Amino acid sequence: MPTVTPRALDLGYRSVVRPALFRIGHGDAEKAHHLTLDRLAALGERPRVLAQLSRVLRVPTEPVTLAGIRFPGRVGLAAGVDKDGIGVKAWGALGFGHVELGTVTARAQPGNERPRLFRLVDSRGVINRMGFNNAGAEALADRLRVSGDPGIPIGVSIGKTKTTPVDEAVEDYLSSLKALDGLADYVAVNVSSPNTPGLRSLQDREPLHELLAAITAEASRLGRRRLSRPTPVFVKVAPDLSDAALEEVLEVAHETDVSGIIATNTTLSRDGVARADLPLARESGGLSGAPLTRRARYVVGRIAAATDLPVIGVGGVMSAADGRALVEAGADLVQVYTGFIFRGPALVAELNRELG
């Protein structure tokens, strides 16, 4: 089967697939999101179709090894798209070199009230206040046990259960870590979502040190028990941190033997929102997409200049040029979320061609 060009993919997605998705539920972004995941889950049960799709979308890439993990390419899917691993079997066939599932919490929770997901079409952005809606870490662990090898590394983002007080957050995170031990290639500690009350306070030096020290220590203990290497621990930071706060996070990361940094999460800023989207910009929640491009690049650059730890860059990657700029700023890997919503598989193919 011949390889389809990114241009043809882009045209097909923009002219046919995206308009149809954006019409679902009279424009209800969350309904479209869940329908897409259900279709991917069904696709994952058809290995022959997956193999054909992979041949169509495959772009040769050079593997990258970070934190002892061999990634077949630099482009991954960011957390937030597939929280519960519903489409885990299919993401590799779409060209991704890894996928970060979650954010999951120790206990299942419904998340915030709907509507909670908004497309800012003119801005090429998304505002979400999902609130870590997920089936829980144990449910994801069960799915990963039965899904088999997806062919690409699997990261899992873990967060705090909403009803857990901040001063009890450590045990909450550890519960998720234990449930997923041996199933995730890495875990990402999410302390930077703006949609769980009090969560971002865990980025302050003392609570962050306590949390990361406990998680890395437990990961080491669990690895010894498996007679294997510990699961690498990454920490995901907010784009809204000051330079001084970023430096503190890096100091703590070094002190607690964290394996890498993920930069960035969504932003509370509304800078860069198009005039037509200003009414939606008043919705609470984190903003992602094109308005975040420059800030994410700046944060990646600040972090990469200050540490030798691996950096996964995410935020506002809407084109191959955006991905290249993040790598040049110091990112070792690049993740996409909102760009995938607006551009589809063509963006993944373009990024893979650009980043090798």
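Arg221 is partly exposed, with a relative accessible area of 36%; buried stands for under 20% of this area, exposed for over 50%, and partly exposed for what lies in between (1.4 Å probe, protein chains only). The model is predicted, so local features need pLDDT of at least 70 and side-chain atom pairs count only at pLDDT 80 or more, while totals for chains, interfaces and linings use all residues. Residues are numbered from 1 along each chain as its sequence is written, and side-chain values use heavy atoms, with hydrogens and water left out.

Arg221 makes a salt bridge with Glu218, and their closest N and O atoms are 2.6 Å apart. The term salt bridge means a side-chain nitrogen of Lys or Arg within 4 Å of a carboxyl oxygen of Asp or Glu. Both residues belong to helix α6, three residues apart, which puts about one helical turn between them. Helices (H or I, at least four residues) are DSSP runs numbered from the N terminus. Glu218 is buried, at 11% relative accessible area.

By the salt-bridge rule, the count comes to 18. Another pair is Arg205 with Glu255, at 3.5 Å from N to O. Arg205 lies in helix α6 (residues 205-225) and Glu255 in helix α7 (residues 243-255), so this contact ties together parts that are 50 residues apart in sequence. Arg205 is partly exposed at 28%, and Glu255 is partly exposed at 43%.

Arg343 and Glu350 also meet in a salt bridge, 2.7 Å from N to O. Salt bridges with shared partners join Asp10, Arg14, Arg343 and Glu350 into one network.

Conventions
Helices (H or I, at least four residues) and strands (E, at least two) are DSSP runs, numbered from the N terminus.
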